[in-house]
Amino acid sequence: MGLSKNTWRGAVAALILLAGAAALATNYSLWVNGRGGGGQVGNHLDFTYWGPASTAGGVNKRSVNWDGTSHIADQNQHVRNALDCYCTGPNWCYIAAHSAGNLQIGYALAMYGGSARLKKNAAPDGSGVCGNTDGSTQTGWNIKFVDVAAGAAGGSELADLGEWAVSEPLVSDLRTSTARALYNHNSTRGLWFYLFTGAGGAFYSGLLPGQDDGAVAYHSAGGTAGSSGRSLCNPSDWFCDDLTLGTAANQGGSTKWSFHSVRFRDDKEKYDHGPNGNWGGAITTMRADMVNNAK
């Protein structure tokens with residue numbers, strides 16, 4: 001039996017509405033800075049921390065600026081504001097984080113990723129807060145994956161030893177035991193963290209165990225679980241256990257946090273901590289991944 005004219009009209013109207021909704025869906029690439037900050041907090045177009053704003057960094061890139069000196073918990077609202085802005089409703093996000101930015105996105109997901117979030121309009125005001133759309137909520141955020149370069153989720157022995165300004169609140173969070181206990185690092189809400197390490201350490205690298213980028217050691221950048229750091233290296237180094245690629249346990253048996261995978265290991269010891277004013281250091285390899293996969 002054929003459909004009536006009214007039925008056909010209703011079906012066509014529904015298809016038009018669905019097509020319109022799909023057209024409004026937008027993907028964004030959010031870049032979460034690390035220690036030191038530099039970009040204006042709330043200004044999602046200020047890439048001062050990273051380098052020239054004209055540099056490619058994935059689809060519709062936005063800079064999630066926080067001050068880079070305060071406690072993670074005290075500044076995490078700025079990260080959550082950006083996630084609410086761009087990763088709710090029909091919109092989806094790719095996340096790129098550097099250094100202590102790893103703690104920020106990990107903290108946001110573990111502590112707030114299961115909460116009700118108002119759907120926002122991706123049009124931030126001067127403080128980085130977006131307006132509501134229809135007043136409805138969703139659980140957590142729409143995120144495709146998280147890339148992390150030179151991640152500090154496992155802390156740094158430089159903070160343990162007081163090598164950084166001890167009056168800076170963030171430094172206390174970056175102590176290895178504190179960073180590892182700050183939140184449940186296994187609670188990623190099922191999202192994959194892809195890790196990009198650097199091993200171009202500095203003259204004081206002897207203070208850091210195993211391979212390092214001058215600020216964080218492989219145990220942190222490589223997402224290795226446990227209550228404290230351990231010595232992990234490249235396969236060419238005979239004097240400590242290897243950091244493995246992917247999710248596999250490291251040589252010696254240490255394991256990675258759930259949903260953490262080492263995508264790049266700096267076997268040639270080429271990359272330092274970065275960003276060096278030009279998307280440099282370990283960020284180089286992460287940025288290439290974002291350009292190729294955040295679309």
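1. Strand pairing around S6. In this predicted model, strand S3 (residues 92-98) runs parallel to strand S6, and the two are joined over six bridges. Within this pairing, Tyr94 stands opposite Phe145 of S6. Strand S6 also pairs with strand S7 (residues 193-196), again in the parallel sense, over four bridges. Here Val148 has Leu195 of S7 as its bridge partner.

2. Strand S6 covers residues 143-149, and six of its seven residues are buried, so the strand is largely enclosed by the rest of the structure.

3. Helix H3. This helix comprises residues 101-112, which makes 12 residues, and spans 16 Å from its first C-alpha to its last. That span is close to the 16 Å expected at 1.5 Å a residue. Helix H3 is mostly covered, with 10 of its 12 residues buried. Among the buried residues of H3 are Leu103, Ile105, Tyr107 and Leu109, and the polar side chains of Asn102 and Gln104 are listed with them. As background, an α-helix has 3.6 residues a turn, so residues three or four places apart point the same way.

4. Disulfides as a set. How many disulfides does the structure hold? There are three. When the bonded cysteines of the chain are numbered in sequence order, the pairing reads 1-4, 2-3, 5-6. A disulfide is a covalent bond between the sulfur atoms of two cysteines.

5. Cys85 and Cys130. These two cysteines are joined by a disulfide with an S to S distance of 2.0 Å. The pair links distant parts of the chain, 45 residues apart: Cys85 belongs to helix H2 (residues 72-86), whereas Cys130 belongs to strand S5 (residues 130-139). The link of Cys85 and Cys130 is right-handed, with 110° about the S-S bond. Cys85 counts as buried because its relative accessibility is 0%; Cys130 likewise counts as buried, at 5% relative accessibility.

6. Cys87 and Cys93. The sulfur atoms of this disulfide are 2.1 Å apart. Is the disulfide of Cys87 and Cys93 left-handed or right-handed? The torsion about its S-S bond is about -95°, so this disulfide is left-handed. Cys87 is buried, with a relative accessible area of 0%, and Cys93 is buried with a relative accessible area of 0% as well.

7. Cys233 and Cys240. In this disulfide the sulfur atoms are 1.7 Å apart. Cys233 is buried, at a relative accessible area of 2%. Cys240 has 13% relative accessibility and also counts as buried, because the term applies under 20%.

8. Salt bridge of Glu168 and Arg35. A search of the whole structure finds four salt bridges. In one of them, Glu168 meets Arg35, with the closest N and O atoms 2.8 Å apart. Glu168 is located in the loop between helix H4 (157-160) and helix H5 (169-173), and Arg35 in the loop between strand S1 (27-32) and strand S2 (61-64), so the pair ties together parts that are 133 residues apart in sequence. Glu168 is buried, with a relative accessible area of 15%, whereas Arg35 is partly exposed at 27%.

9. Salt bridge of Asp289 and Arg263. The side chains of these residues meet at 3.0 Å, N to O. Asp289 is in helix H8 (residues 283-293) and Arg263 in strand S10, so this pair ties together parts that are 26 residues apart in sequence. Asp289 is buried, with a relative accessible area of 9%; Arg263 is partly exposed, with a relative accessible area of 39%.

10. Salt bridge of Asp267 and Arg265. The closest N and O atoms of this pair are 2.6 Å apart. Asp267 counts as partly exposed, at 36% relative accessibility, while Arg265 counts as buried, at 14%.

11. Where is Ala249 found? This residue is in the loop between strand S9 (241-242) and strand S10 (260-264). At 41% relative accessibility, Ala249 counts as partly exposed. Neighbours within four places in sequence aside, Ala249 is in contact with Thr244, Ser254 and Thr255. The C-alpha atoms of Ala249 and Thr224 are separated by 8.8 Å, the two residues being 25 residues apart along the chain.

How values were computed: Residues are numbered from 1 along each chain as its sequence is written. This is a predicted model: local features need pLDDT of at least 70, side-chain atom pairs count only at pLDDT 80 or more; totals for chains, interfaces and linings use all residues. Side-chain values use heavy atoms; hydrogens and water are left out. A disulfide is a pair of cysteine sulfur atoms within 2.5 Å. Buried means under 20% relative accessible area, exposed over 50%, partly exposed in between (1.4 Å probe, protein chains only). Two strands pair if DSSP finds at least two bridges between them. Contact means heavy atoms within 4.5 Å. The expected span of a helix is 1.5 Å times one less than its number of residues.
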